[in-house]
Structure formats: C-alpha cells, structure tokens
Amino acid sequence: MPKSLVIVESPTKARTISGFLGPDVAVESSMGHIRDLPRSAAEIPASARGKGWARLGVDVDNDFEPLYVIPKERKDRVKRLKELLAGVDQLYLATDEDREGESIAWHLTEALKPKVPVHRMVFHEITQHAIEDAFANPRDLDLRLVQAQEARRILDRLYGFEVSPVLWRKVQQGLSAGRVQSVAVRIVVERERERMRFTAASYWSLEGTFAPVDDLDRTFDATLLQIDESRVATGKEFDSTGKPKPGTLVLDQSGATALAEGLLDSTFEVQTVEEKPYRRSPYPPFRTSTLQQEAARKLRFSSSRTMSVAQRLYENGYITYMRTDSTSLAESAVASARSQIAKLYGGEYLSPKPRAYASKVKGAQEAHEAIRPAGDDHFQTPEQMASAVGPDEARLYELIWKRTLASQMTDAVGVSVSARLGAEVGDGRKAVFSTSGRTITFPGFMRVYVQGTDDPETDPEDKERALPPLAAGDRLAVQSLEPTGHETRPPARYTEASLVQRLEELGVGRPSTYASIMTTIQDRGYVWKKGSALVPTFVAFGVVGLLEKHFPQLVDYGFTASMEDDLDRIAAGQEESLPWLTHFYFGDDGLKHKVATRLDEIDPRAVGSIAIGIDESGNDVVARIGRYGPYVEIGEERASIPEDLPPDELTVEKAIDLVQHQNAGDKILGSDPETGLTVYGKTGRFGPYVQLGEVEEGSKEKPRRASLFRTMSLDELSLDTALSLLALPRTVGSDAEGVEIIALNGRYGPYIQRGSDRRSLESEDQLFTLTVEEALQLLAEPPRRRGQRAAAALKELGPDPVSGKSVTVRTGRYGPYVTDGEVNASLRQGDSPETITIERAAELLAARRERIGS
C-alpha cells in the first residue's frame with residue numbers, strides 16, 4: 001500500500017516519475033486543470049443563477065470572488081484522486097514550477113480538501129536525481145504566485161466577457177476579444193495596413209563581375225554605388241509612397257544600360273580597401289520564445305507544434321522545463337556542456353571561461369534555468385536518443401542540444417573586407433562600385449550552431465564570401481556589366497516567429513502564453529496563413545478598428561505591457577491584486593464604465609467598413625463585413641470577397657473586377673421547354689445558382705432556384721444541366737411497397753430518403769445517376785451515425801511524426817481535413833487539399849491533440 005501520493009498534470013509525466021520513486025509512492029495525473037470558471041450558463045450552480053455577476057463567473061461586487069466549478073469531464077478524475085488520497089499519509093503536488101502549475105496545485109488542495117500533510121514538489125527536469133531531490137526537499141505552496149495567476153485569470157475573464165459581446169453586436173456574432181489576443185491581432189492588422197498604403201517604385205542597378213588583371217580566374221562581384229557625388233538608389237532609399245530620398249540617383253532601364261555600355265571599355269582601379277577583424281559570440285541557450293522562433297525558422301514548426309513536442313521531450317525526461325524566461329544554466333549543466341564540447345570537438349572550441357547569460361526579458365519569471373538537455377553529469381547526443389523518440393522530438397532535441405553546447409564555445413573569428421572600385425564613364429562622369437567579403441578563420445561555435453533568419457534573402461551568419469587580395473591602385477578587368485531591374489517591396493507580413501519576437505519586444509503577454517495566442521488568433525478567424533505569413537481577415541480589420549476608436553487603451557501596447565508589469569509586481573508581493581482589479585474594472589476609466597458608456601456610440605456600418613479607394617466615376621470603393629462574410633461595395637453594386645484574397649490585394653481594380661465578374665453571372669442560359677420561362681445563371685452570397693424565371697412585381701412567391709454543385713461553374717454550365725438542377729429533388733423510383741425514394745441535396749450534402757429513412761450519397765453527381773436498384777442496395781445497409789462512413793482519401797501524405805500512422809487528406813461534413821486514423825484536424829483558411837504537405841498536416845494534428853488534451 002503506497003504511503004504517499006504524488007499528483008502531476010499529465011499521464012506521461014506520471015509514468016516517467018513513477019519509475020523513480022518506488023512502490024511506496026503512488027503517482028497519479030490530474031489531467032490538467034480540475035477547476036475553472038464556468039464555460040457556459042449550464043455550468044453555473046443553481047445557487048448563483050439569476051445573480052447579475054453570474055455570467056462573468058466572478059462576483060465583482062464581493063472582492064472579485066471567482067466562481068470555480070469542476071467540469072463534468074473532470075468529476076470522475078477528482079473522485080479517483082480522493083479515493084487514492086484516503087489511503088496515504090502524505091500528499092505531494094508536483095505540478096509544473098511556473099505560475100500556472102502553482103495555481104493547479106492550489107486548486108487541487110481546494111477540490112480534494114486533504115486531511116494529510118501537503119507538500120509542494122518542484123523540479124525543472126525529470127531525471128532520477130532531480131525527482132529524488134524534489135521529493136526529499138519539498139516546500140510550501142507559494143500563495144503569491146497563486147494570487148498573481150488568479151488575478152490574470154480573473155482579468156482575462158472580465159476582459160473577454162465584457163468586450164466580446166460588444167463585438168457580437170457591432171461586428172459579427174461569435175467573435176472574441178482577449179487581453180493579449182486582441183493586441184496580437186492589431187499588430188498583424190497594422191502591418192497589413194502598411195502594405196495597403198505601400199506604393200511600389202521601380203529602379204535599376206548595375207552589377208559587375210571583375211578580376212585582378214594579373215589573376216583573371218579570381219573573379220568577384222561588385223555593385224554600382226554612386227555616380228560622381230550622387231548615391232545610386234537601392235530599395236532602402238525609397239519610402240512607403242515610392243519616393244526616393246533627396247539627392248539619390250534613380251536609374252531607369254535606359255540609364256542603367258547606357259552606363260553599362262559606357263563603362264565596358266573603361267579602366268577600373270581599386271580606390272580603397274578596408275579590412276576589419278570579424279568576431280561573433282554565441283547566442284544564449286533557449287528560453288521559450290527563442291525556441292519557438294528558431295523552430296519556426298529552421299524546422300518550419302508552428303508555435304503550438306513546438307511547445308507540444310517540447311512538452312513530450314520534457315515529460316519523458318529528455319529536456320528541462322520548456323516554459324521559462326531564463327537563459328542561465330546550472331553550474332552542473334555548464335560543466336556537462338563543456339565536457340562534451342572538449343570530447344566531441346576539442347579543447348580549442350571551448351570558451352576560455354564558462355559563459356553566463358543574463359535574461360533581458362521584462363518581468364522574467366517562470367522556471368529558473370534555460371531550456372537544455374536533461375541531466376547533470378552528461379547530455380545525451382542526438383544520435384544516442386534518436387531511436388527512442390519520434391522524428392519531431394529528435395529534430396527539436398537536436399536544435400536544443402546544439403544551442404546549449406554552442407553557448408559554451410569560443411567566438412567565431414575571421415576578417416571582413418570592403419573595397420571600392422572606380423572608373424570613368426565615357427561622358428566624363430565618375431562611377432564607384434562597392435564590394436565586400438568575409439572570411440572565417442576559426443568557426444568556433446558556428447561549428448555546431450548558426451542562428452536562422454526570417455528574411456530568406458539574408459545570408460546565414462556562417463556564409464563566407466572571399467575576395468581576392470586587393471590593394472588601392474590595383475587595376476581590374478571587367479568581365480561583365482549587367483543592368484538589373486528591381487521593384488521595392490512592402491514590409492513583410494509577420495510569421496509566427498516574428499510575431500512572437502514582436503510581442504516579446506513590446507512586453508505584451510508572457511512567453512509561456514505565446515503558443516496558445518498563435519493558435520487562438522487563427523482558430524477564431526482573425527488570421528490565416530499564406531505559406532508561413534500571417535494574413536489578417538477583413539473581420540480582424542473591423543474588430544481592431546472598433547477597439548482602436550472606442551476602446552483605445554485596451555489595445556494600446558504600452559498599457560497592455562504595463563498590465564503585465566503590474567501582475568509581475570503582484571507575484572513578487574509588491575502589489576495587492578484586489579485594489580488593482582478594482583481600479584481596472586470599477587475605476588473612473590475602468591472597463592465596466594467604458595463598455596456601458598461607449599456601446600451606443602459605435603456605428604456598426606462604420607467599424608465594419610474599410611476604405612479601398614475611388615473608382616473613375618467617383619464612387620467610393622469600400623470593403624464591408626456582412627453577416628455572411630466580407631463583400632466589396634461600389635455605389636449600388638456589391639460582390640463577395642473571396643476568402644483567400646489578402647486585404648492588401650483588394651485594390652480598386654480588383655474590386656471592379658470582382659463586381660463585374662459576379663454581375664456577369666446573371667446570364668441567360670435559355671428557356672425551360674415546359675414553362676417557357678427563362679433560365680438564369682446567377683451569383684449570390686452563398687455562391688453560384690440557377691433560377692427559373694424572374695421575381696414578379698407584387699408577388700410573394702419566389703422563383704425556383706438551385707445551387708450549383710461544387711464541381712460546376714457558371715462559365716461552363718449548359719441549359720440541360722441547369723434544368724436538371726432545377727428538377728431536384730428527383731424521384732428515383734419506388735420500393736416493392738410503393739414508397740417513393742427521393743434524391744435530395746441538403747445542407748450537409750447529397751442523400752436519398754424513403755419515408756423517414758435516409759442514407760448519404762458519395763457525390764452530388766449521384767443525384768442525377770443513381771438507379772432504383774442502387775438506392776435500394778444503399779437503403780438495405782444498416783444506418784450509420786453521422787460521420788461514421790469513412791470518407792475516401794483524397795491524398796496520402798506520409799507517416800505522422802507523432803503516431804507513426806499514415807496521414808491522409810479527406811473531405812467530410814465540415815469540409816476537408818487531415819487524419820492519421822485517430823485524430824482529425826480540419827484544414828484552416830489558406831490550406832488547400834491539393835497542396836498541403838505532411839509538415840503542415842502534422843502541425844494541424846499536433847494542435848488538435850493539444851486542444852483535445854487540454
């Protein structure tokens with residue numbers, strides 16, 4: 001019989017720890033949070049229903065007392081934990097060592113009400129030594145951390161439950177607001193606005209290939225820098241309106257070509273050579289945000305995928321705790337890293353003395369050590385543990401291992417050289433070309449690790465570009481001069497990696513929450529991915545516009561960052577949560593007052609409108625957010641905006657094209673032989689459809705209509721096909737008892753019906769082709785629950801890195817999805833069944849698993 005009970009959050013963590021503590025200790029999982037604020041009205045206890053504050057789940061009039069409930073799906077787990085607790089002498093709460101973990105531990109004591117001594121067991125890695133030490137040296141619950149976390153939870157609840165209804169009433173039903181979420185969306189929208197305001201400018205450059213006259217095989221490239229005293233314009237010399245800096249020379253094609261021709265026979269000489277020592281120090285070990293950024297750059301992982309993989313590595317004892325703001329390493333970890341460096345690469349790659357890194361993150365908290373391989377006396381190499389984990393875990397572990405070792409290695413050193421070359425153009429003007437090179441004489445930490453970059457056109461740090469020996473006065477031979485045209489580009493959209501970096505720079509949110517924020521803004525329909533770029537939807541524009549105009553403080557970067565600082569002070573015991581929450585909610589400019597006084601000021605049409613421009617007739621071209629999706633309006637004409645059209649691509653010309661294209665859908669297909677009525681092809685807010693006849697003035701009867709199948713288009717639609725659509729539902733025939741079998745196209749797809757008996761069809765085409773015999777055979781099969789019928793695979797992608805099972809793309813009731821046979825994940829906006837990769841599919845499945853397990 002166990003004498004002690006250890007409670008952790010996850011089954012994996014429980015299995016790993018139970019192997020270290022012996023038979024006298026039972027280790028059980030709480031399966032995450034066991035109590036929370038009510039998620040819906042159904043979870044509100046009867047004693048609280050009808051009270052004004054019940055919808056919030058927080059009694060704002062009684063010191064912000066939260067109303068915690070045990071969700072239905074957690075009640076059996078609580079019962080199981082109570083049963084185990086009844087038979088032991090000691091309770092150890094071994095939840096994660098951050099604020100959220102401290103809060104889970106506190107909720108466990110509140111729900112279980114233990115009558116035995118309670119200990120708080122903390123550790124930053126799951127190894128034999130760490131677990132035994134934590135078990136032998138527990139501490140008390142840190143109620144300051146609990147108070148800070150509860151203040152965050154209450155704050156976020158008040159923010160979401162007060163502001164979200166404003167969005168429902170003024171923008172669109174089903175929207176949500178969040179303290180960090182809304183600021184993250186604003187950042188993405190602001191970048192898209194910059195792109196929409198951006199005006200491209202064209203310019204030309206002149207690229208030359210040269211070589212010393214005494215060594216024609218040693219070629220190098222150089223770019224035209226200036227003509228006489230005028231600097232030749234490059235992309236960075238133009239502002240967002242397309243205007244160059246004063247005094248710069250903008251070359252066009254003819255000018256660049258004339259210069260090339262005028263310089264071909266000129267004599268080039270080296271004017272100046274500047275040589276500088278090059279030195280680059282290693283980066284600190286990973287903390288949460290930098291791990292997410294590098295995994296995105298190097299492995300193409302989303303933030304949620306990175307954290308899901310890191311969680312599995314931690315719980316299985318391969319890395320230290322993955323939610324941390326710290327970049328420091330324990331002395332034993334530094335010793336392990338330095339020992340491994342000397343063994344694998346040689347003593348010359350060791351830094352002269354151990355390197356220490358101080359965290360530069362505002363309000364750094366959470367765990368107290370960087371993310372590194374687990375173990376005090378040695379680290380497993382990637383090769384040693386690769387066979388024990390999945391492909392994703394192996395790749396992420398290798399990244400962490402390399403970054404950890406690199407942090408204790410020597411600097412990379414070398415030589416940087418820059419040179420200017422000069423010649424006289426035929427008309428007497430002087431041309432100056434510039435070139436640079438870099439040679440790394442000792443790679444140091446770059447032998448192991450080179451940081452990635454968000455700009456694909458930026459050279460990696462370890463790229464060398466050697467120049468031949470050059471000295472002032474050296475004559476050069478011209479191998480070629482090539483005029484090249486360019487166009488300035490708008491600022492790049494944020495990726496998950498660069499958005500995480502921006503949030504951290506602003507001090508908005510905390511690194512442990514960034515992965516969930518990246519998932520939330522996509523799941524809520526504010527952002528979609530185009531490749532790796534984050535594209536805001538038109539709904540996001542409406543929401544951000546409303547908040548900026550009517551609740552500017554709530555999306556102000558400085559204000560949001562200051563709230564984080566306040567919450568950190570509460571955690572440190574420098575401020576009390578109750579006065580702070582009171583000021584935030586009830587203050588003169590508090591949240592309750594803002595919502596109550598500004599709601600009637602908000603014009604839904606104004607906040608849901610995005611000005612695009614003016615057409616040639618002087619009509620305003622405006623994008624609007626409608627009940628059924630965004631549309632563009634030009635005068636009296638409207639057209640739906642395709643879901644996959646980024647806002648910066650909706651120009652006046654594109655809007656006119658959309659309107660003309662959709663209005664062109666109102667075409668005459670012919671006449672119905674039976675009625676003589678005209679058959680029209682039209683496009684509406686739900687897509688293309690056919691219509692028999694016209695709406696008669698004064699008549700309430702609507703003309704017969706039918707939607708086109710997914711495989712059809714108005715451009716190729718024939719009259720016969722249109723009449724077949726209008727003839728639906730079709731009577732297929734009758735069974736032996738004379739009961740009719742009808743083929744229909746419903747909300748969830750095509751099906752047949754006999755009385756109250758229904759069966760789904762595999763395709764819409766079967767509505768026209770299905771025979772009585774085929775229908776009877778289908779009806780003879782046992783009825784299946786919705787979704788039980790296995791959808792045919794559209795595409796096989798390969799094995800899932802987590803489950804190892806084959807991943808396929810299928811289509812279902814709610815559209816295309818990917819599945820490994822165990823977990824299904826819907827494709828998101830921007831994903832295509834035809835082009836989705838196994839990497840993207842694995843990312844979607846990982847995010848889905850995380851939501852299922854939370």
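The residues that line the largest cavity of this predicted model divide into three nonpolar, four polar and five charged. Rolling a probe the size of a water molecule over the atoms shows where empty space is left. The structure holds two cavities of 30 Å³ or more, and about 50 Å³ of space lies in the largest cavity. Its lining is made up of Ser-302, Ser-304, Glu-496, Met-518, Thr-519, Gln-522, Lys-529, Arg-828, Arg-840, Glu-843, Leu-844 and Ala-847. Two elements give two or more residues to this lining, namely helix H14, which covers 511-523, and helix H24, which covers 838-853. The largest share, four residues, comes from H24.

Charged side chains can also be followed as they pair with one another, and here the count comes to 52 salt bridges. In one of them, Asp-96 is joined to Arg-323, with 3.2 Å between the closest N and O atoms. The two partners belong to distant parts of the chain, 227 residues apart, since Asp-96 sits in the loop between strand E5 (90-93) and helix H3 (99-112), while Arg-323 sits in the loop between helix H9 (303-315) and helix H10 (331-345). Are these two residues buried or exposed? Asp-96 has a relative accessible area of 5% and is therefore buried, the word being used for values under 20%. Arg-323 has a relative accessible area of 16%, so Arg-323 is buried as well.

Another salt bridge is formed where the side chains of Arg-120 and Glu-102 meet, at 3.0 Å from N to O. Arg-120 belongs to strand E6 (residues 118-120) and Glu-102 to helix H3, and this pair links parts of the chain that are 18 residues apart. Both Arg-120 and Glu-102 are buried.

A further salt bridge brings together Glu-125 and Arg-372, whose closest N and O atoms are 3.6 Å apart. Which parts of the chain does this pair tie together? Glu-125 lies in the loop between E6 and helix H4 (128-136), whereas Arg-372 lies in the loop between H10 and helix H11 (382-385), so the pair ties together parts that are 247 residues apart in sequence. Glu-125 is buried, and Arg-372 is buried too.

Salt bridges may also share partners, and in this way Arg-99, Arg-152, Asp-156, Arg-179, Arg-510, Glu-564, Asp-565 and Asp-568 are joined into one network.

Technical notes. Residues numbered from 1 in each chain as written. Predicted model: local features only at pLDDT ≥ 70, side-chain atom pairs only at ≥ 80, totals over all residues. Heavy atoms only, no water. 1 Å grid on protein atoms, 1.4 Å probe; cavity = no way out; pocket = protein on both sides within 12 Å on 5 of 7 lines; lining within 4 Å. Points joined across faces, edges and corners; volume = space filled by probe spheres on them. Nonpolar A, V, L, I, M, F, W, Y, C, P; charged D, E, K, R; others polar. Salt bridge = Lys/Arg side-chain N within 4 Å of Asp/Glu carboxyl O. Buried < 20%, exposed > 50% of the residue type's maximum accessible area, 1.4 Å probe, protein only.
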